[in-house]
Every structure is written in C-alpha cells, then in structure tokens.
Amino acid sequence: MKTGAFRARIMNPVSPERADDIADGLLEVGGDGRIISCGPFPKDFRGKFEDLRGKLLIPGLVDVHSHIPQLDCRGKHGATLLSWLDRYIFPAERAFADPAVAVDVATRFFKKLIINGTTTSGLYSTVHEEATDRCFEVARASGVRCFIGKVMMDMHSPAELVEKTGESLAASERLCAKWHGAEGGRLRYAFTPRFAPTCSEELMRGAGKLARESGAYLQSHIAETKAENERVRELFPRYPDYVALFEALGCLGPKTILAHAIHLTDDEYRRMAESETKIAHCPTSNFFLKSGWMPAARVEAAGVAYGLGTDVGAGTSMSVFTEMRHADYTQLGFSLSPAKALWLATVGGARVLSMEKEIGNFEAGKFADFCAVDTAGIDPAYRLSELSTDEVLSLLMYRGDGRAIEAAYVGGKKLDVDFR
C-alpha cells in the first residue's frame, strides 16, 4: 500500500559510471518504508505528493566508519596517530565511563548525521557497555539506520580503558543479543576489536567467533600507519603480514569492515578480496594525520569493495560530501569522477555494509532512505533546473556540505533533527 510520494528532480546512482537523472521525477513509497517505484512524473498522476520541485533527491549518504566519542575532537592537531590518540582520543573515550556524557555526545552526534544527510552509519562507541547501550538508545530515537560496536581492548591501552578479555567478550555478546536486528533491522551490532596493537589474539579470535555465530558485523582498523605496522610485527612476529593475523584469528569475511588499509601489499589486498572483507576508506582522516593514502587503483585492481568514512575526529567533518572530494584529492595518478564519488557514498557504502539489497539507490523494493538537496545552500547563484547532470554531481562532490541538505528520510519518514 502506498503511503507517500515525492516529486522532485531525482539523481539515482546505478553504477560507478552513471547516475540516472530524472528532471521531473516521482518517488513512491509503501507503508513498509520501501520504494514502490521511481521514475518520471506521470502526466495522469492524480494522487497526493510532497512537492519538492526545485530540489534534488539523492539516496541517503552512507558513512561506513565513524567514532561517536570523537565528535568534540575534530580538528585537534596531532603529530602522529599514536600521539593524537594519547592526547585527545583516549581522554574523550574515558569520559564515556559516565553514561550522561555518552548520551550528550551521542545526541549531538546523531543530530550532526541528520544535518549532513547521513542516513546509514557504521559506528564505534567505547569500551563501556552502558555507554554503548545508551548510544543505541539515542540511535533508536534519532531514526538513523546504523550499527554500533562496543570497542574491545585488553592490552597496551590506558589503564582505565583496558578490559579483561572474558569480560570484553561477554559484554559485547550481551549488547549484540539486545540490539542486533532491533527496530525492524534498522539497528545492528558490530563486534569491535579496536586494532591489533590493543587486542590479544584471544580477544580477536573470540570476537571473530561471536560475529560469525550471531551474523553480526566485525569492524576494526588495519595498516593506518607504518608505525602501526611495525608495532604489529613486534607484537605478533609469527604472522607473515598484517592480513595474515586477521585471517588466522577468524576475523575476515563478508561482514568485516577494516578501516584505512593504507600500507598493505598487493597480496594482502588480494586475500582480503578473496574473503570478501571490505575497506572503510577515510581520505580526510588519512590526510589530516599524514598517515598516507589508500591506493585506490590497487584496491580496485584486487577487487576489494570499499566505501567512504568520515572517521570524525581526524576526519574533521561530518559530511560524506567532504570525503567524496578528498577521495579524489588524495590520489596520485587516479581520478575519481563525480558519478563514481556519489556511487561510493551511496551504493558502494551500502555494499560495504552488506546492505546493498536494502539501501543505496532508488531501486524498487529497497528502503526509501534519501535526502532532499537544495543547491542554493551551496551557492544561491545556481538554479538547479539550469545545471546538467555532470554539473550537479560536480557541485555536490566539490562544494557540497550539510548546508545543501534540506531534509533526510529513512524508510520514507523525515528525520527530525530535534529528536530529543
């Protein structure tokens, strides 16, 4: 049964090379929040519709990697990844020992997602079980689609953040049992060993096992800096390379998302592709911390799926549009077209999160997660009706930010930025 219809110009990414541009389009949504149809506005249409003419509908933006507690750490300079963690990030995470702090930060975080048109996210909380539970409660109230994971660390971390291995696994399992698949599947869980230098083999092996048994996600970081790689070699000398560690401990697979993946060999990328492990590409963060740049051409040649992540603290911006342009700026000898950038920010991100059959574009049967964009929010000199497809895509990619987002919808329902 149809419950909603929206009339506007519609930009529908259908492949990395192409977005269908419907100048006067109609999006029809059923009572289950799924798309009934998307196409040109029928001349004989007599039903009610929300009139968004003069605006552009694009699929909801997908942020495949971000950290809730890092919201207030954006733009704080750090000489290296490890020094930045010690000076800013770990103190911000320690503060989540107070659930009230977690609620405050998470509430502002999810408001920022809505403002920036991000309708689906892969998120990290902290090591605190109660704080993670509260983050899920805020996510439920916000209406955003996401998965969240309690960070897991049982060694080589600040004393207040080091967990006992069994307790970390048990707390994560409880959270997964409560939240994975909640709200009709809108909320999901991700087992979250932070990265190898802070996790024992027992912890990582246990996280991989729990993820497989529950059908939940596993998320972590890999090869963000050369110093990290050296540390992994020191701590785990019996493994031939970084990916081999994840392989041996059962942490690779179709629902594993590894952030950054900058300093890996072609063989490591090949083995990631064979296991269908995904990459969260965070170009702004890598740029900000001088970590390096993910070699997109090599990743694509290996067949590894990747999407875009803001990473928040080091990412400095909550806008996936920012990641779209920086994914181009930070590459050498590789050009990312605006059409492909939008595809990565929508369908590509959905594929990384194993949600490509549910979200990502305006295909019938998928959930109606989308944004209404007002190009005047980027520059009032532009009239949407006068811009070609390529001009619209370029404007979004190179100049877009949250000011262009007039509204965001999940399952056809408009998200309220003042949800709490």
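In this predicted model, Leu 252 sits in the loop that runs between helix 7 (242-248) and strand 11 (256-260). Despite this loop position, Leu 252 has a relative accessible area of 19%, and it is therefore classed as buried, the cut-off being under 20%. Setting aside residues up to four places away in sequence, the partners that Leu 252 touches are Val 243, Phe 246, Glu 247, Leu 258, Ser 275 and Thr 277. Leu 308, which lies 56 residues from Leu 252 along the chain, has its C-alpha atom 19 Å from that of Leu 252.

Beyond its neighbours within four places in sequence, Tyr 269 makes contact with Ala 261, Ile 262 and Leu 264, with Ile 279, and with Pro 295, Arg 298, Val 299, Ala 302 and Val 304. Between the C-alpha atoms of Tyr 269 and Glu 201 there are 22 Å, for a separation of 68 residues along the chain.

Attention now turns to helix packing. Helix 2 (residues 99-115) packs against helix 3 (residues 129-142) at an angle of about 35°, and their axes are 9 Å apart. This crossing of helix 2 and helix 3 is right-handed. On the helix 2 side, the contact involves Pro 99, Ala 102, Val 103, Ala 106, Thr 107, Phe 110 and Ile 114; these meet Glu 130, Ala 131, Arg 134, Cys 135, Val 138, Ala 139 and Ser 142 of helix 3. Sorted by class, the contact residues of this pair comprise 10 nonpolar, two polar and two charged.

The pairing of helix 12 (residues 338-352) with helix 13 (residues 389-399) has axes that come within 8 Å and cross at roughly 65°. Here the crossing is left-handed. Helix 12 contributes Pro 338, Ala 339, Ala 341 and Leu 342 to the contact, while helix 13 contributes Leu 393, Ser 394, Met 397 and Tyr 398. Seven of these residues are nonpolar and one is polar, with no charged residue among them.

Empty space in the model was examined next. Rolling a probe the size of a water molecule over the atoms shows where such space is left. Over the whole structure, the search returns one cavity of 30 Å³ or more, and the volume of the largest cavity is about 110 Å³. Its lining is made up of His 67, Gln 70, Leu 81, Trp 84, Leu 85, Arg 194, Phe 195, His 221, Glu 224, His 260 and Asp 311. Helix 1 (residues 81-94) provides the largest share of this lining, three residues.

The largest pocket, for its part, has a volume of about 420 Å³. It is lined by 24 residues, of which Gly 33, Val 410, Gly 411, Gly 412 and Lys 413 are the closest to the pocket centre. Strand 1 (2-15) and strand 2 (18-30) each provide at least two lining residues, and strand 1 gives the most, with five. In terms of class, the lining of the largest pocket holds nine polar, eight charged and seven nonpolar residues.

Conventions:
Residues numbered from 1 in each chain as written. Predicted model: local features only at pLDDT ≥ 70, side-chain atom pairs only at ≥ 80, totals over all residues. Heavy atoms only, no water. 1 Å grid on protein atoms, 1.4 Å probe; cavity = no way out; pocket = protein on both sides within 12 Å on 5 of 7 lines; lining within 4 Å. Points joined across faces, edges and corners; volume = space filled by probe spheres on them. Helix = DSSP H or I, 4+ residues; strand = E, 2+ residues; numbered from the N terminus. Nonpolar A, V, L, I, M, F, W, Y, C, P; charged D, E, K, R; others polar. Axes fitted to C-alpha atoms, helices over the stretch in contact; angles between N-to-C directions. Left-handed = near helix turned anticlockwise from the far one by under 90°. Contact = heavy atoms within 4.5 Å. Buried < 20%, exposed > 50% of the residue type's maximum accessible area, 1.4 Å probe, protein only.
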